[in-house]
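My notes follow the structure below, point by point, so please keep it open as you read.

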Amino acid sequence: MTWLFPKQPANMVEQDVTQRDQFSNDDVSLSETIVRESVQNSLDAAYPEGSPVTVTYRWLSRDHGLTAAFFQHLTAEQRPHALAAGLDLSEIDFAEPSALVIEDYGTSGLTGATEDIDDGHFSDFWRRHGKSHKTGTSRGRWGLGKLVYSTTSEIGIFFGVTYREGDSRTHLMGQTVLNLRTHEGNRYPPHAFYADLTADDPVNGLPVPIRDRCLVDDFCDQFQINRDKQP
């Protein structure tokens, strides 16, 4: 597993992420937006439908057990791309890692295929931008709300851990959303994954959740995610 940075195909139109301003402007702050967007996603995933949902927010730091070595592992390959995309990392002290952890309870988790693309919540969250299969009274139907996670991050990274109803496995993936950029002579699109691949071919392989169970366990320990099999 590693960060997967596909190159921008020469025969494809370049598209940048231009919707970030809607999450932090004169009318709404970024802190308000991340609460709103995360809560509405969790409410839409209530299980059983209509049941109460709890969402918690925690700041973690080295004092809580986060280690600089683990953060180095998670961010080392991404940082050159963040710099190439114009992010200022000079004020970030990577020896003093910190993170915002958002967890929900009373939901189904990100259901749907993990090793293929379908119309489920997992594919909608991780593999689509500006498109969603939410309908009717669902609260986030435009598929853009998840941009708030990478926008909130100073380095443009977010990770997701999901334990789903009826599935005994814990699924971990990461994503970075940056600007179009040139790095070491190559052009790169905004989105990239921290994931495994269904095939060794970086062009045709589908990013899938991390298969290294030790890494998944380490991640959950670092970020104090101890759900005891609660979706």
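1. Cysteines. Cys 214 is exposed, because its relative accessibility is 55%, whereas Cys 220 is buried at 12%. Here buried means under 20% relative accessible area, exposed means over 50%, and partly exposed is in between, with a 1.4 Å probe and protein chains only. A disulfide is a covalent bond between the sulfur atoms of two cysteines. How many disulfides does a search of the whole structure find? The search finds zero, where a disulfide is taken as a pair of cysteine sulfur atoms within 2.5 Å.

2. What kind of model this is. This is a predicted model, in which local features need pLDDT of at least 70 and side-chain atom pairs count only at pLDDT 80 or more, while totals for chains, interfaces and linings use all residues. Residues are numbered from 1 along each chain as its sequence is written, and side-chain values use heavy atoms, with hydrogens and water left out.

3. Confidence. The protein chain has a mean pLDDT of 89, and 89% of its residues reach 70 or more; pLDDT is the predictor's confidence in each residue, from 0 to 100. Which elements of the chain have the lowest and the highest mean pLDDT? Helix 1 has the lowest, at 90, and helix 3 (residues 79-84) the highest, at 98. Helices (H or I, at least four residues) and strands (E, at least two) are DSSP runs, numbered from the N terminus.

4. Glu 103 is buried, at 7% relative accessibility, while Arg 58 is partly exposed at 22%.

5. A salt bridge between two loops. Arg 62 and Glu 96 also meet through their side chains in a salt bridge, at 3.0 Å from N to O. Arg 62 belongs to the loop between strand 2 and helix 2 (68-75), and Glu 96 to the loop between helix 3 and strand 3, so the pair ties together parts that are 34 residues apart in sequence. Arg 62 is partly exposed, with a relative accessible area of 45%, and Glu 96 is partly exposed at 40%.

6. A network. Salt bridges link Asp 119, Asp 124 and Arg 128 in a network. Within it, the side chains of Asp 124 and Arg 128 meet at 2.7 Å, N to O. Are these two buried or exposed? Asp 124 is buried, with a relative accessible area of 8%, and Arg 128 is buried at 15%.

7. The nonpolar core. In soluble globular proteins, nonpolar side chains tend to be buried together. The largest nonpolar core here has 28 residues, and Phe 219 and Phe 223 have the most contacts inside it. Such a core is a set of buried Ala, Val, Leu, Ile, Met, Phe, Trp, Tyr and Cys residues joined through side-chain atoms within 4.5 Å. Helix 2, strand 3, strand 8 (191-197) and helix 6 (213-222) each supply at least two of its residues. Helix 6 gives the most, with four residues.

8. A nonpolar patch on the surface. Val 35, Tyr 57, Trp 59 and Leu 100 form this patch, which has about 380 Å² of accessible area together. Patches are made of residues with over 30% relative accessible area and no salt bridge; like charges are joined within 9 Å, and nonpolar side chains (Val, Leu, Ile, Met, Phe, Trp, Tyr) within 5 Å. Areas come from the Shrake-Rupley method with a 1.4 Å probe, and for residues only the protein chains shown count as cover. Val 35 lies in helix 1 (residues 30-44) and is partly exposed, at 35%.

9. Backbone details to look at. Most residues other than glycine have a negative phi, and most peptide bonds are trans. Tyr 47 and Pro 48 are joined by a cis peptide bond, with omega about -10°; Pro 48 is in the loop between helix 1 and strand 2. Glu 184 has a positive phi, near 50°, and lies in the loop between strand 6 (181-183) and strand 7 (186-188). Glu 184 is exposed, with a relative accessible area of 71%. Gln 224 has a positive phi too, of about 55°, and is found in the segment after helix 6, where Gln 224 is partly exposed at 35%.

Technical notes. A salt bridge is a side-chain nitrogen of Lys or Arg within 4 Å of a carboxyl oxygen of Asp or Glu.
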